[in-house]
Amino acid sequence: MVQVVLWDSVDVGLWLEEINLGSYRQIFKENGVNGEYLEGMSMFTTEQILRFIRRCHMKWGDFITLLACLKGEQKVRRPWWAPSCLSIVFVKVAKRNRQSRVVSLKLEP
């Protein structure tokens, strides 16, 4: 089993290519995103997540894909940090994000 926490920025870049998010490879490297950083995202506050998305110029659908792939999920649930009022946004983004590995979006109450 691969331990994400041990990845350096090169490993993160290779993984991004594997999950069809290679366009973020350079910006992740510039921002020092390594495996330890990715592992720590589960502890991020909503503000920290939004800051990360802005800093890396990520689309919502791509961010959802990133989280789903980190967790090894094939189906994406509404992220724990997202208020329920944003559910419709996640549905629309997932439908438009055809190149991602998001298979479906399951919203939980």
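Buried means under 20% relative accessible area, exposed means over 50%, and partly exposed covers what lies in between, with a 1.4 Å probe and protein chains only. The model on your screen is predicted, so local features need pLDDT of at least 70 and side-chain atom pairs count only at pLDDT 80 or more, while totals for chains, interfaces and linings use all residues. Residues are numbered from 1 along each chain as its sequence is written, and side-chain values use heavy atoms, with hydrogens and water left out.

Select Arg-51, which is partly exposed because its relative accessible area is 38%. Glu-47 and Arg-51 are separated by about one helical turn, because they are four residues apart in helix H4 (residues 46-55); helices here are DSSP runs of H or I with at least four residues, numbered from the N terminus.

**Second stop: the nonpolar core**

Next, select Leu-16, Phe-28, Leu-38, Phe-52, Met-58, Phe-63 and Leu-66, which have the most contacts inside the largest nonpolar core, a group of 22 residues. Such a core is a set of buried Ala, Val, Leu, Ile, Met, Phe, Trp, Tyr and Cys residues joined through side-chain atoms within 4.5 Å. In soluble globular proteins, nonpolar side chains tend to be buried together.

Show the rings of Tyr-24 and Phe-28, whose centres are 6.3 Å apart and whose planes meet at 50 degrees, so the pair is tilted. Rings of Phe, Tyr and Trp (its six-membered ring) pair if their centres lie within 6.5 Å, and planes under 30 degrees apart count as stacked, over 60 as edge-to-face and the rest as tilted. Phe-28 also forms an edge-to-face pair with Phe-52, at 5.5 Å centre to centre and 75 degrees between the planes. This pair links distant parts of the chain, with Phe-28 in helix H2 and Phe-52 in helix H4, 24 residues apart. Phe-52 is buried, with a relative accessible area of 0%.

Methods:
Helix = DSSP H or I, 4+ residues; strand = E, 2+ residues; numbered from the N terminus.
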